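Reader: I would like to go through a protein model step by step. Could you show it to me first?

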Amino acid sequence: MGIPYVGSGVLGTALAAHQYSARQLLRHAGVRVPHHVLINASNQPRAEASRIFNQLPLSPVRILPVTPPTQPLPARAEEESEEWRCTGLAHSRDELADLIARHRSRAALLAETEIPGRGLCVGILPERSGRPRALTLPAQAHPLGDEALNHARDMARRAHRTLHLRGPAVHHLTLEGSTRPVWLSVETHPCLSGDGLLAGMAASRWGLSHPEFIGQLLQSATTDATAHTDALPTPAAANIALVSERERR
């Protein structure tokens, strides 16, 4: 249609939303992600739980959907959908087997090692030139050293490029041991309100008011025809094919 838009296109959004493919791509690009493995829900739950605990080096293990659930997290347990009922944290094989046993939908699940550490959000915003800049909140919001913050920003930039993202985004990391960043997830279409995280980062870094912040974002708007259209990397294509095959079984 030729209508300019702000943010990531179909390729980047789809890659970022597929937790397994995103982690595989980032791992190949040298970005630290939690140890992870796909869950084969067709296996007997206790046998599958033992397989996962044998493959993952540490516990506890977090279970999450490979793709975002179609329904939001419910406020009450009795309202849980099938997609949410089997997610959570397992500290033992028995707890993991119980979570797997609850899985009745066809949605694929991922198991990954839970990484203890301080959470950190890194925003990606385009400068006036269009170049992406990695930002964090002021130091008083997270008393971390410059080295840790620089590593986190570098990781977010690399993840942004690897996942073919463009425009504003918020990358969620955890700092293992307070210094070693590990990538967890990304919001490809984050909140842009005046009291949101990205607006606060833009105000802190560039002194932008909210209207100026929105205006700078609009300068980065593009159409599908002019958005960056790099070919899908071979490892990504192979991983997506592998996941698709596993999900069909």
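Author: The questions below concern a predicted model, starting with its pocket and ending with its salt bridges.

Reader: Which strand gives the most to the lining of the largest pocket?

Author: The lining of the largest pocket has 21 residues, with R23, R62, L64, E112 and S185 nearest the centre. Helix 2, strand 2, strand 4 and strand 8 each supply at least two residues of this lining. The element that gives the most, with four residues, is strand 2.

Reader: Which helix has G12, L15 and A16 as its buried residues, and on how wide an arc do they lie?

Author: The buried residues G12, L15 and A16 belong to helix 1, residues 10–17. They are on the same side of helix 1 because the arc they cover around the axis is only 95 degrees.

Reader: How many residues apart are R32 and E176, which form a salt bridge?

Author: The closest N and O atoms of R32 and E176 are 2.7 Å apart. R32 sits in the loop between helix 2 and strand 1, while E176 is in strand 7, so the pair links distant parts of the chain.

Methods
Residues numbered from 1 in each chain as written. Predicted model: local features only at pLDDT ≥ 70, side-chain atom pairs only at ≥ 80, totals over all residues. Heavy atoms only, no water. 1 Å grid on protein atoms, 1.4 Å probe; cavity = no way out; pocket = protein on both sides within 12 Å on 5 of 7 lines; lining within 4 Å. Buried < 20%, exposed > 50% of the residue type's maximum accessible area, 1.4 Å probe, protein only. Arc of directions from axis to C-beta. Salt bridge = Lys/Arg side-chain N within 4 Å of Asp/Glu carboxyl O.
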